[in-house]
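Welcome! Here is a short tour for someone meeting this structure for the first time. Please take a look at it before reading on.

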Amino acid sequence: MAVTKRFIRIAMSGAFGALLAFPVLAQNVKVTPLGGIEGEFCPQDRALIFEDPNGTRVLYDPGRTVAGAQDPRLGKIDIILVSHMHGDHVGNAHNKAPNSGTCESPDTSVSAVPNTSAVEIALAKGSKIVTGSEMPAFFAAKLKAGGGNPANSMLARFGGSVTVNGIRIATVTAMHSNGVDPDYIGGDLGKMMKEAGIAGDVGLATGYVLKFTNGLVAYLSGDTGITADQEFVVRDHYGAKLAVMNIGDGFTTGPVEAAYVINELVKPVSVIVSHANEVGTVQGKVRPNSKTEAFMKLSKVRTYVPLSGKTMEFDNAGNCAAGC
Ligand SMILES: [Zn+2]
């Protein structure tokens with residue numbers, strides 16, 4: 001008996017040693033920007049695809065640079081995130097085709113009202129739309145009207161989370177506004193609202209915190225000002241290691257405020273610049289005297305520019321492992 005046990009112990013340690021001898025397969029999250037012009041960072045760029053190591057693909061804020069549901073860059077989309085209802089995030093119009101127009105002046109002449117580009121993509125791909133506040137009811141109604149499944153619109157309101165395909169999704173504070181443009185409402189009500197200059201109410205704008213199956217925690221700021229939650233919730237509670245930070249100024253934090261958020265509040269390992277509302281790069285290089293350059297100079301953490309179509313990979317600790 002003792003001999004058998006000893007034999008098993010030796011056999012097991014041998015198997016374990018053999019396992020260690022093989023290289024550990026990379027368990028990285030892939031991040032691919034779907035911007036206005038291949039290889040550049042352009043004014044309208046919002047959309048990012050996050051691909052979990054398990055193959056699940058998440059589209060964040062399709063905006064106007066994804067050329068509708070037919071955009072071949074999309075591939076399969078399991079989950080769509082919409083930080084808030086403004087047209088440059090949910091997609092009130094979109095590119096005719098990928099890379100149409102110029103970086104400064106993209107051809108976003110295809111209207112997506114009253115459906116939104118997010119809903120059109122969800123209907124075509126069978127994606128779940130995960131939002132906070134009172135946005136899920138809006139998306140459920142649009143999915144239903146388009147012949148889709150309203151149950152594909154899922155709620156993740158502040159404080160809780162929902163797990164889809166192994167990815168934990170939570171919404172967090174974004175100090176911004178979140179009016180629904182009457183163009184999505186239509187009819188007499190939409191017309192009257194437009195004339196009165198008021199928007200529909202679907203609650204607060206949001207940011208997101210995602211936890212991927214490799215353990216990486218990512219903060220997607222959405223449009224926001226500076227908020228204490230970036231320290232107390234995003235850093236202290238969730239421990240975000242990768243941040244996607246909006247730096248556009250005027251509508252959101254500008255480069256100076258965004259750098260304060262990153263350096264003093266969130267303190268991630270890596271940050272991806274977003275929503276600069278400018279031509280951020282020329283031939284793939286950061287444009288001198290741009291907001292993007294100003295933020296990169298102020299940021300104390302590793303800072304990456306989302307060049308359309310260029311995939312970056314991040315490990316569980318928020319380090320860029322490839323493509324940066
Ligand atoms: Zn906005």
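## A serine in a loop

A polar contact is a pair of N or O atoms within 3.5 Å; within protein, one must be able to donate a hydrogen and the other to accept it, and residues adjacent in sequence count only if both atoms are side-chain atoms. With that in mind, meet Ser299, where a polar atom of the side chain lies 3.1 Å from the backbone oxygen of Val301. Ser299 sits in the loop between α8 (291-298) and β19 (302-304); helices (H or I, at least four residues) and strands (E, at least two) are DSSP runs, numbered from the N terminus.

Its relative accessible area is 11%, so Ser299 is buried (buried means under 20% relative accessible area, exposed over 50%, partly exposed in between, with a 1.4 Å probe and protein chains only). Leaving aside neighbours within four places in sequence, Ser299 is in contact (heavy atoms within 4.5 Å) with Ala259, Ile262, Asn263 and Val271.

## About the model

This is a predicted model: local features need pLDDT of at least 70, side-chain atom pairs count only at pLDDT 80 or more, and totals for chains, interfaces and linings use all residues. Residues are numbered from 1 along each chain as its sequence is written, and side-chain values use heavy atoms, with hydrogens and water left out.

## Two disulfides

How many disulfides does a search of the whole structure find? There are 2, a disulfide being a pair of cysteine sulfur atoms within 2.5 Å. In one, the sulfur atoms of Cys42 and Cys103 are 2.1 Å apart. Cys42 lies in the loop between β1 (29-33) and β2 (48-51) and Cys103 in the loop between β5 and β6 (110-111), so this pair ties together parts 61 residues apart in sequence. The torsion about its S-S bond is about -120 degrees, which means that the disulfide of Cys42 and Cys103 is left-handed.

The other disulfide joins Cys320 to Cys324, S to S 1.9 Å. With 95 degrees about the S-S bond, the link of Cys320 and Cys324 is right-handed.

## Cores and a helix

A nonpolar core is a set of buried Ala, Val, Leu, Ile, Met, Phe, Trp, Tyr and Cys residues joined through side-chain atoms within 4.5 Å. The largest one has 27 residues, and Phe50, Leu81, Val130 and Ile169 have the most contacts inside it. A second, separate core of 25 residues includes Val172, Tyr219, Val266 and Val305.

Helix α3 (residues 117-125) has Ser117, Ala118, Val119, Ile121 and Ala122 buried. Just after α3, Gly126 takes a positive phi of about 70 degrees.
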